[in-house]
Amino acid sequence: MKDFDPFVIPFNVGLYFILIYSVVRCVIWFRQLSRADKLRLQRGFFSRAFGESLREIFMESLIHRKILKAKPVLGYMHMSLAFGWFLLIVFGTLEADIFGKSHLNPPYKAIFFRFFNPGHGNSLLAEIWEFIMDLLLAFILSGLLLAIVKRFLPGVVGMKKTTKLRLRDKIALTALWLVFPSRLIAESLTCGAHGSGSFLTGTTGAWLASFLPAESLAYPFWWLYSLSLGVFFILLPVTRYMHIPTELFLIFMRNSGITTGDKAGTFAEVEVHSCSSCGMCIDACQMSFVTGINNIQPVYLHRALRNNEDVTEKAYNCLMCGRCEEACPVGIEVSAVRMIQRRNKTGKPLYENRWMGYFREHLNHEPASSGKTQNYKIRSNIRVEKADTIYFAGCMTHLTPGIKEAMIKIFRAANEKVWFMDEVEGACCGRPLMLAGNDREARELINFNSDLIWKSGASKLVTSCPICYNIFRSSYYIDTEILHHSQYIKNLIDNEAIRFNYSHKKVVYHDPCELGRVAGIYEEPRDVVSWVADLVSVPEEAEKSLCCGNSLANIFLPPSKKNAIAVDAIKRLTAGNPDIVATSCPLCKKTFSRVSKTRVADIAEIVAEEISSVQSKRIRTASVNLREMVNQLLG
Amino acid sequence: MENIVVIGGGVSGLEAAGQLARMGYSVTVAEKNEKTGGNVKNWYHLFPDRRDSKEVIDYLNKLASHPDIKILTGKEITEISSRNGKFDIKSSDGTVLEADAVIVATGFELFDSRRKEEYGYGIYDNVITSADLEKMFRSGGVRLVNGKLPEKVGFIHCVGSRDEKVGNYYCSKLCCVTAVKQAIEIKEKIPGAEIFCFYMDMRMGGPYYEELYREAQEKYGITFIRGKVSEISVNINGKLVTKAEDTLAGRPLRMELDMVVLMVGTEMPEGNIKLAERSLLKCSENRFFKPVDNHYGSNLSGKKGIFYAGCCVAQMNITESISHARAAVSEVVNYLKNR
């Protein structure tokens, strides 16, 4: 029995290369972190976050829990390859340790164990072990089979589209695909020659040996096995498979409290490299399944970023609805990554390749805009009123005056003294500019509006527009409480400041992207609706809600395609023939009412129509009890 | 005697029916409304000479009161199917009409202004459509909801036309000159009123249209502002605060108006889109019926024995609708003679 054979060299070179490379890359990334993030990571290393990360690595990187939940077959494919391979390495190392000649062997001894120990005794333990090893190999091979089928028939694993690949990805993919079949054949032939092996390698080996010179044929397949591993490891850093080591680092960083933020940096880089190109985002994207645009999804954006391509179109041609972020099994903050690219107005890539792409360098471009400042002094004739509550309708609400009128009626019914800040003249909240990447210009508007809000001395600001709501919450330095009207109306109901009739209309609630996925407000609008009408559930709700298609964040998509998205969405929402499609965003309302036969109304309008001097209590109590019961049942 | 079914009892439908009957054919007119006369019967005066629409309706009724013309009102046609050179025309009440040839003269319907919520139709009292204004003219007077005379009136052109956001790319062609006509009529009834027309382009492509436009400016002092209105709101005094951009002066403007008239465009009625789908008739991108050829085959549907007349293929004024209906009749006669 030998201890070494030249065929292990490709594997060894590859393995030590990738191990050293991963460490070096992580060190570089760590050094580029801000001081605060470095501290977070250091602290995270010695706290509960570490355990959390290990758990998450096990659940997500190995088991692939999120993909399993969403698409079981695809999840099985990922799990068999990742978890199966992991177990094969663990059991292989133990096998080499238990049944090999010595303890603490070099890795190649475990990987090519059968070559060096073709038959390792006939004890019961050895047989069980051989059985386990064969089972694991079969597990991986079943996943591999699915992967090959997926490449050509994505529908089999529940996907509509699969990712398109580049040449080096294809070479790495071929190498990866060859790893396990070559191992199977090499082990089988060796086992066949020595009469060992379990149900898979033993049976296949015995059959092959019956008509082939197994002993001499095995050797080239051991070479192939080692070579494909070596090639895969060497190519890994410049292909999508870099996600394997990077994702571990990402999980540690995220659990330590590091977020993408609004500037290019290590975290965004790590996120971009953690993208496994699984393609879950493509299936979630309405731009894909309605308008057939299949080149702008996060998977393609991330790949273009890794290749330092001009990503202007990819960055901008997006509704920013956040459905892909919800679907991403790796948990990449894809909207934040995209926003970084939108803010980069130079059109030049933010990174440059070094060493054929094995290393990258962050470039500092001069800002593209001239630095010319806008001036909203022309709006200085806005008369500030002292009030406890401000109403900021938002420009979109001014284009859907039904919502505005409903809010005025509600304020009156609640006896609330309100300053209607943008009643006659008002400045934009700034978010459309921000979504277009024009932060500086947005800041001008923010300062202008902040000044008015300060002067009014208001303690709360109510807005009818979720787009405004988000920027007031996130980017205004004001200590005023910000409420979307759904929250405000909910408060009024809770304080019994307004009373309603109960209409028995069947209402479907559409979650606007900006209020749902961006702001996380799902419950309040539903509570408000169920106070006055029968709220019925639809499959496309809460986190899975559709975009109306008319997002302010996309200035690339032509109106005909935006319209097509709206038509598709309203078709799904009205499948159960509701009386009203309710929403709580003026933009969604405006978009849907143009294409819908069913009435589309804002929750404020539905509520305002039912305002009464007495509350119809009986029905209300019943519906509350039923909901509570359901909630309890669901835990 | 060969029988022809005409779907639609508007200008084109009645004209076609009348001409066919005169030539000795038996005609059945199926009209979905309770009265014939199409969109014209809702109009007070007609452009460009401002004659009373009743004169045109009277002419059509006289033409169509022929022993060989049977008029069925309240009958909406849902499908045309052919078998052995004959046609079965199904209606929503379940009855079936038989015919040797069919003329589709289903016309247009007006754009529903509620789809442009920013103009506040159905929300603010004194926002009306051009059709509502004609009704006011007919019933005696232009009044605000509170009974007072409007002092400042705005006309908004292209509501539902040339607007890709509502999915209508086309020009409705009839509204520009209607706005000019209606502006003059208001000015005549309320001489002190100030009138503003907000337009994108003034499309005065018809006989005496341009002259009417010039008259509106020179004689009646009506102000034409190039720019679309962005939004309308109502202030404490009940005035309609109208925001627009004057694109010639290059500045935004805001004015308080008493009344706003929306110049609604034309659309293919929803029922006709279904009729087209069920009967395998082609529609073009603007959703109107698509004839075989725009120049010399605009009456031909592409299905032998089914012909188009009037506004169901493209926007036409009354003169053009009548001519198009007569052309359809000649196609029908040709078809029946040579079949």
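Two residues are in contact if their C-beta atoms, placed from the backbone, lie within 7 Å. By that criterion, residues 24 or more positions apart account for 71% of the contacts in chain A with a separation of 6 or more. The model is predicted. This briefing covers chain A as a whole, one of its helices, the domains of chain B, the interface between the chains, and some local backbone features.

**Chain A overall**

- The secondary structure of chain A consists of 31 helices and 12 strands.
- Along the principal axes, the C-alpha atoms of chain A fill a box of roughly 90 × 60 × 50 Å.
- Chain A has 635 residues, of which 47% count as buried.
- The average pLDDT of chain A is 88, and 93% of the residues score at least 70.
- Within chain A, confidence is highest in β10(A), at 97, and lowest in helix α31 (residues 617-633), at a mean of 58.

**Helix α28 of chain A**

- Helix α28 of chain A runs over residues 559-573, 15 residues in total, and should span 21 Å at 1.5 Å a residue. The end C-alpha atoms of α28(A) are 21 Å apart, which agrees with that expectation.
- The buried residues in α28(A) are A:Lys562, A:Asn563, A:Ile565, A:Ala566, A:Ala569, A:Ile570 and A:Leu573. They lie on the same side of α28(A), because they cover an arc of only 160° around the axis.
- An α-helix has 3.6 residues a turn, so residues three or four places apart point the same way.
- On the face of α28(A) turned away from the buried side are the exposed residues A:Ser560 and A:Lys571.
- The elements of chain A against which the buried residues of α28(A) pack are α15 (286-289), β8 (506-509), β10 (580-583) and α29 (586-595).

**Domains of chain B**

- Chain B is divided into two domains: domain 1 takes in 3-108 + 268-337, and domain 2 takes in 113-266.
- The centres of domain 1 and domain 2 of chain B, taken over C-alpha atoms, are separated by 31 Å.
- Between these domains of chain B, 13 residues of domain 1 are in contact with 19 residues of domain 2. The side of domain 1 that touches domain 2 has 6 nonpolar, 5 polar and 2 charged residues.

**Interface between chains A and B**

- Contact between the chains involves 12 residues of chain B and 12 residues of chain A.
- The side of chain B that touches chain A divides into 3 nonpolar, 3 polar and 6 charged residues.

**Local backbone features**

- The peptide bond from B:Phe47 to B:Pro48 is cis, and its omega is near -10°. B:Pro48 sits in the loop between β3 (45-46) and β4 (51-52) of chain B.
- A:Asn415, a residue other than glycine, has a positive phi, near 55°. In chain A, the loop between α21 (401-413) and β4 (418-420) holds A:Asn415. A:Asn415 counts as exposed because 8 other C-beta atoms lie within 10 Å, and the cut-off for exposed is 12 or fewer.
- B:Tyr208 also has a positive phi, near 70°, and is a residue other than glycine. In chain B, the loop between β13 (194-199) and α5 (209-218) holds B:Tyr208. With 13 C-beta neighbours inside 10 Å, B:Tyr208 is partly exposed.

Technical notes
Residues are numbered from 1 along each chain as its sequence is written. Chains are lettered from A and ligands numbered from 1 in the order in which they are written. This is a predicted model: local features need pLDDT of at least 70, side-chain atom pairs count only at pLDDT 80 or more; totals for chains, interfaces and linings use all residues. Domain bounds come from an automatic or database domain assignment. Ala, Val, Leu, Ile, Met, Phe, Trp, Tyr, Cys and Pro count as nonpolar, Asp, Glu, Lys and Arg as charged, and the others, Gly among them, as polar. Helices (H or I, at least four residues) and strands (E, at least two) are DSSP runs, numbered from the N terminus. A residue is buried if 20 or more other C-beta atoms lie within 10 Å of its own, exposed if 12 or fewer, and partly exposed in between; C-beta atoms are placed from the backbone. The expected span of a helix is 1.5 Å times one less than its number of residues. The arc is that of the directions from the helix axis to the C-beta atoms. pLDDT is the predictor's confidence in each residue, from 0 to 100.
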